Amino acid sequence: MKTIYLMLLALAGAPAADEKEARLLPEGAGKEIAGRICLNCHDSGNFRKARWSSEEWSDSVADMVERGAKGTPAEIDAVVAYLAKNFGKGAPVRINTAPFAEIKVVLGFTVAEVRAVLEYREKNGELKSFEELLKVPGIDAAKAEAQKARITF
Ligand code: HEC
């Protein structure tokens, strides 16, 4: 009985995966709403790996509403604006908060390279510079160099 109680306590104390993902979304107007509406059915990789125009985001969010995403019209507009601003064409990858899919798809890193970045982040905290990224074991320097303009810290 006591064990079960302790297990429940531990579960209650651990932040849910989607809470963590919501926190890691880029700062700015609409972040809180996007975290609340867009992480109910899937993780943030689904949308953070995309780089779309406002129109494309508008279509994508409308598609999600059809699938069951809930928000007032004003909230939906705010989410579209947030996504278009932070995940528009050419938007950089925030290497310290980007999930697996975003690093892989947008930067073209291999699965092993993405894992290396995530493990490094986990162990050492935020990467401070591009030079530090190049020192992550297993990163192909030439490939990272080619993507330098698309990476922010
Ligand atoms: C009611 C559940 C639900 C909610 C809430 C939801 N989605 Fe989805 N989403 C899905 C399903 C189901 C899929 C397709 C299966 C998958 O990829 O997981 C999907 C897939 C996606 C994809 C990939 C689609 C593609 O064509 O590649 C994107 C992008 C996406 N969602 C964005 C969002 C955004 C942005 C929000 C918040 C506005 C959101 N989703 C909220 C259910 C939802």
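Which residues of the largest nonpolar core touch the most other members? Here are my notes, with that one taken up in point 3.

1. **What you're looking at.** This is a predicted model: local features need pLDDT of at least 70, side-chain atom pairs count only at pLDDT 80 or more, and totals for chains, interfaces and linings use all residues. Residues are numbered from 1 along each chain as its sequence is written.

2. **The overall layout.** The protein chain has 10 helices and two strands; helices (H or I, at least four residues) and strands (E, at least two) are DSSP runs, numbered from the N terminus. In sequence order the pattern reads α-α-α-α-α-α-β-α-α-α-α-β. The C-alpha trace spans about 55 × 45 × 25 Å along its principal axes. Of the 153 residues, 18% are buried. For a residue, buried means that 20 or more other C-beta atoms lie within 10 Å of its own, exposed means 12 or fewer, and partly exposed is in between, with C-beta atoms placed from the backbone.

3. **The main core.** Back to the opening question: the largest nonpolar core has 14 residues, and Ala-34, Cys-38, Trp-57, Val-61, Val-79, Val-80 and Leu-83 touch the most other members. (A nonpolar core is a set of buried Ala, Val, Leu, Ile, Met, Phe, Trp, Tyr and Cys residues joined through C-beta atoms within 7 Å.) At least two residues each come from α3 (31–38), α5 (54–67) and α6 (73–86), and α6 gives the largest share, five residues. Apart from this core lies another one, of 10 residues, including Ile-95, Ile-103, Leu-107 and Phe-109.

4. **Helix α5.** Have a look at α5 next: its 14 residues reach 20 Å from first C-alpha to last, close to the 20 Å expected at 1.5 Å a residue. (The expected span is 1.5 Å times one less than the number of residues.) Its buried residues are Trp-57, Val-61 and Met-64. They sit on the same side of α5 because they cover an arc of only 55 degrees around the axis; the arc is that of the directions from the helix axis to the C-beta atoms. That buried side packs against α6. Leaving aside neighbours within four places in sequence, Val-61 is in contact with Ile-76, Val-79 and Val-80, where contact means that C-beta atoms, placed from the backbone, lie within 7 Å. The face turned away from the buried side carries the exposed Glu-55, Asp-63 and Glu-66. Just after α5, Gly-68 has a positive phi of about 125 degrees.

5. **Helix α7.** In α7 (residues 100–107), the buried residues are Glu-102, Ile-103, Val-106 and Leu-107. They fall within an arc of 95 degrees seen down the axis, so they line one face of the helix. Among the elements covering them are α4, β1 (93–94) and α8. Gly-108 follows α7, with a positive phi near 70 degrees.

6. **The two domains.** The chain is divided into domain 1 (19–86) and domain 2 (93–152), with bounds from an automatic or database domain assignment. Their centres, taken over C-alpha atoms, are 24 Å apart. Nine residues from domain 1 and nine residues from domain 2 make the contact. On the domain 1 side, α2 (17–24) and α4 (45–48) each supply at least two residues.

Technical notes: Two residues are in contact if their C-beta atoms, placed from the backbone, lie within 7 Å.
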